[in-house]
Amino acid sequence: MPKLPHVTTSIFTVMSKMAAEHNAINLSQGFPNFPVNKKLTEIVARLAKEDVHQYTPMSGYPPLLNKIAKLTLQSYGRSVDPETEILVTTGATQGIFTAIQALVKNEDEVIILDPSYDSYKPNVLLSNGIPVRISLNDNYSTNWDLVEKACNENTKMIIITNPHNPTGKILSLADIEKLEAILEKFPNIILLSDEVYEYISFEQKLISVNTRKLLRNRAVIASSFGKTFHVTGWKVGYLIAPEYLMKEIKKVHQFLVFSVNSIAQAAISEYLDQTSVDEISAFYQQKRDYFQQLLSGSRFELMPCEGTYFQVVSYKTISDENDVDFCKRLITEHGVAAIPISTFYENGKDLKLIRFCFAKTDATLEEATRRLCKI
Ligand SMILES: Cc1ncc(COP(=O)(O)O)c(C=O)c1O
């Protein structure tokens with residue numbers, strides 16, 4: 001009996017492969033196509049000749065752990081102990097998987113919002129936990145009454161994504177306060193806050209769980225240097241959690257990967273002294289605004305984008321096709337790849353919405369929208 005009978009190749013793989021086969025502009029998978037900062041590539045080139053090629057300590061390269069602690073203090077005013085409360089991971093993906101493996105047991109219920117990033121549910125199933133999907137409202141706000149109703153003595157974890165992929169939504173202060181009220185009512189529930197787009201928020205700024213005392217003492221927070229420094233292929237991220245949770249997470253991590261790529265850790269550690277995360281939101285806001293402006297001449301309807309580098313659009317006025325077929329046709333007939341939003345839903349709810357990634361050069365966005373405006 002397979003362990004994940006319903007899991008097939010992810011939509012990101014399918015669409016990226018199709019985009020390559022048809023020579024389409026790939027706005028599907030979430031990765032930048034502009035050059036990595038020269039400072040970072042120079043650091044890597046130099047480090048390749050230095051003594052940074054062996055295993056690092058299990059929880060991370062010590063200078064990087066210290067820099068993450070410093071970044072967390074600067075960004076969120078939170079003091080974390082680099083030795084006991086931080087774990088460098090092979091991307092947020094491995095961090096999230098490891099946290100779920102370590103903390104969710106047989107029959108534990110895990111609340112996952114719907115739509116959601118695709119890795120959470122299989123992660124929970126592999127821990128023999130029970131995923132409990134709770135629908136977001138149609139405007140993608142969270143229905144906290146439904147979340148609270150779903151909580152019981154078997155609920156082990158609530159997973160949130162903030163800023164949210166695929167919708168680009170950011171939790172408001174009122175949302176965070178409602179979440180706090182639920183966790184106060186249910187003292188055994190742990191929060192897993194996926195904040196990989198933490199440095200990409202626009203008019204409404206992210207309220208990180210790092211800044212909320214009540215939440216952070218019960219939370220595992222996932223970050224991604226891949227997203228923050230435009231190097232998704234490096235697969236370096238980290239978790240922050242209080243020591244009592246981190247102790248358990250490290251037990252799984254040491255047998256899953258033991259330690260993460262040493263050169264990448266050393267490079268990011270140096271780079272953190274030479275760059276600022278404060279400029280990232282403005283950089284992507286400019287891309288979002290430009291992409292929106294270019295698309296305004298099309299028949300696609302723009303949905304709000306508060307954070308992340310994803311723009312969701314409706315194609316309701318263009319076609320009645322389901323969103324998967326529409327995305328396939330977008331590739332084969334119009335040469336642009338997108339992601340159908342139905343694939344983020346438990347039951348494939350089709351609202352005629354698709355997601356574009358705008359973490360691309362201006363030239364790519366211009367050519368893609370030139371094609372999209374002809375539809
Ligand atoms: C919401 C969310 N979480 C986690 C990840 C994975 O991050 P990483 O590439 O660091 O593994 C992604 C990547 O797209 C994501 O969108």
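Student: What is the strand order in the open sheet of 4 strands?
Tutor: The order is β9-β10-β13-β12, and the pairing is antiparallel. Strands here are DSSP E runs of at least two residues, and helices are H or I runs of at least four, both numbered from the N terminus. Two strands count as paired if DSSP finds at least two bridges between them. This is a predicted model, in which local features need pLDDT of at least 70 and side-chain atom pairs pLDDT 80 or more, while totals for chains, interfaces and linings use all residues. Residues are numbered from 1 along each chain as its sequence is written, and side-chain values use heavy atoms, without hydrogens and water.

Student: Which strands stand at the edges?
Tutor: β9 (301-302) and β12 (339-340) do; each has a single partner strand, so one side of each lacks a neighbour in the sheet.

Student: And how many bridges join β10 and β13?
Tutor: Strand β10 (residues 310-314) and strand β13 (residues 353-357) pair over 5 bridges, in the antiparallel sense. V313 has I354 in β13 as its bridge partner.

Student: Turning to the ligand, how many residues surround it?
Tutor: There are 13, and the closest are T93, D194, Y197, S224 and K235. A residue is counted if one of its heavy atoms lies within 4 Å of the molecule. The shell divides into 5 nonpolar, 5 polar and 3 charged residues. In that scheme Ala, Val, Leu, Ile, Met, Phe, Trp, Tyr, Cys and Pro are nonpolar, Asp, Glu, Lys and Arg are charged, and the others, Gly among them, are polar.

Student: Which helix gives the most to that shell?
Tutor: Helix α4 (residues 91-103) does, with 3 residues.

Student: What lies 2.7 Å from an oxygen atom of the ligand?
Tutor: An N or O atom in the side chain of Y197. A ligand oxygen is also 2.8 Å from an N or O atom in the side chain of K227, and a ligand oxygen is 2.8 Å from a polar backbone atom of A92. The protein covers 92% of the 390 Å² of accessible area that the ligand has on its own (Shrake-Rupley method, 1.4 Å probe).

Student: What is phi of E107?
Tutor: Phi of E107 is near 75°, a positive value in a residue other than glycine. E107 is in the loop between α4 and β3.

Key. Polar contact = N/O pair within 3.5 Å; in protein donor to acceptor, adjacent residues only side chain to side chain.
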